[in-house]
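The sequence and the coordinates are shown first.

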Amino acid sequence: MRNHDETERLPRVFFARPATDVAPDLLGCVLWHASPAGLVAARLVEVEAYRGAIDPASHSFRGQTARNAVMFGPPGHAYVYFSYGMHYCVNLVCQPAGLAEAVLIRAGAVVDGTDLAWRRRYGLADADGSTAVGAGRNGGQRQRDLARGPGRLCQALGIDRSADGADACAPGGPIGISPPEAFDRAEVAGAAAIRVGPRVGISRAADRPWRFWLADDGHVSAYKSLRPRDPQPKPVSGRRTEDGTMHE
DNA sequence: TGCTCGATTACCT
DNA sequence: GGTAATCGAGCAA
């Protein structure tokens, strides 16, 4: 396993920019988390920008609370929140303290610590594909789904609320982001391979194209938009119209 | 103090 | 393609 503590970390200045600038630059970088159980690293393939006070979909839009306090702090820290009563999602704080912008990490490809990631996700230890399950007919799909989606990625990397506020730029910290150069430069595509589109699963400001992903990468999560959250004019008698739901 | 609903996922038909 | 699971933040009263 690679010694990630000795790999280069993205500097704090990298994050001290608008989240919409930081997000596409994170594609191809490697996010890793070290715990007593071991280290898991993932190459980022899908991210979303959340822009604080100017973004109604951002957790920080309505001001600082105990939950989102980290977003209001200095850049380069991890903001981890609990979602749907069962999942964690991890963001990286952007902009100088007070602006509360962040990039949500939506999906990645596990590039290190695959055994541990596999155990966390499926309770098995056959990630090398040498046994029946890993090599089975669903093995490929399970491998792809290890960190496909924000909740799955956190589970694979072992990230929960205890990682909230962790400084990804500080040497020795449990979470870090390494630039593509430190890993497989050949896999990092140019700007032409980056796709842009609306964010996933939000009901406010759903039209803003602040989701970024690597084209043609199977590790990108499935897109699903949410019904807009507007005051329903009361269903009189007529028929209900389309609800705006769509799939990839 | 109570209730609604989510920056989701897994499993069902 | 649909929906149960599961819980806490945030809002209404």
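The sections below treat confidence, overall fold, core, selected elements and the surfaces near the DNA.

## Model and confidence

The structure is a predicted model. The mean pLDDT of chain A is 85, and 78% of its residues score at least 70. Confidence falls in particular stretches, including residues 128–135, where pLDDT stays under 50; the model has 12 contacts beyond four places in sequence for this stretch. The pLDDT is also below 50 over residues 231–248, a stretch that has 11 contacts in the model beyond near neighbours in sequence.

## Overall fold

Chain A contains 6 helices and 8 strands. Along the sequence these elements follow the order α-α-β-β-β-β-β-α-α-α-α-β-β-β.

Of the 248 residues in chain A, 44% are buried. When contacts between residues at least 6 apart in sequence are considered, 64% of them join residues at least 24 apart.

## Nonpolar core

In soluble globular proteins, nonpolar side chains tend to be buried together. The largest nonpolar core of this model has 61 residues, and Val 40, Ala 42, Ala 102 and Val 103 touch the most other members. Strand E2 supplies the largest share of this core, with 9 residues.

Arg 43 counts as buried because it has 24 C-beta neighbours inside 10 Å, the cut-off for burial being 20 or more. Between the C-alpha atoms of Arg 43 and Pro 174 the separation is 17 Å, while the two residues lie 131 residues apart along the chain.

## Helix H6

Helix H6 spans residues 150–157. Because 7 of its 8 residues are buried, H6 is largely enclosed by the rest of the structure. The buried residues are Pro 150, Arg 152, Leu 153, Cys 154, Gln 155, Ala 156 and Leu 157. They pack against strands E1 (30–35), E2 (38–50), E4 and E5, and also against helix H3 (114–122). Just after H6, Gly 158 adopts a positive phi of about 75°.

## The E3–E4 hairpin

Strand E3 (residues 78–83) runs antiparallel to E4, and 6 bridges join the two strands. Within this pairing, Val 80 has Val 90 of E4 as its bridge partner. The two strands form a hairpin with 3 residues between them. In the turn, Tyr 84 has a positive phi of about 55°.

## Surfaces near the DNA

Around DNA strand B there are 22 residues, of which His 59, Leu 104, Gly 149, Gly 151 and Gly 201 come nearest. By class, this surface divides into 9 nonpolar, 11 polar and 2 charged residues. Strand E4 (87–94), strand E5 (101–112) and helix H6 each supply at least two of its residues.

Around DNA strand C there are 9 residues. Those that come nearest are Arg 62, Thr 65, Arg 67, Tyr 84 and Gly 85; Tyr 84 is also the turn residue with positive phi in the E3–E4 hairpin. The surface near DNA strand C has 3 nonpolar, 4 polar and 2 charged residues.

Key:
Residues numbered from 1 in each chain as written. Chains lettered and ligands numbered in written order. Predicted model: local features only at pLDDT ≥ 70, side-chain atom pairs only at ≥ 80, totals over all residues. Near = placed C-beta within 6 Å. Nonpolar A, V, L, I, M, F, W, Y, C, P; charged D, E, K, R; others polar. Helix = DSSP H or I, 4+ residues; strand = E, 2+ residues; numbered from the N terminus. Buried ≥ 20, exposed ≤ 12 C-beta atoms within 10 Å, placed from the backbone. Contact = placed C-beta atoms within 7 Å. Pairing = 2+ DSSP bridges. Core = buried A, V, L, I, M, F, W, Y, C linked by C-beta atoms within 7 Å. pLDDT = per-residue confidence, 0-100.
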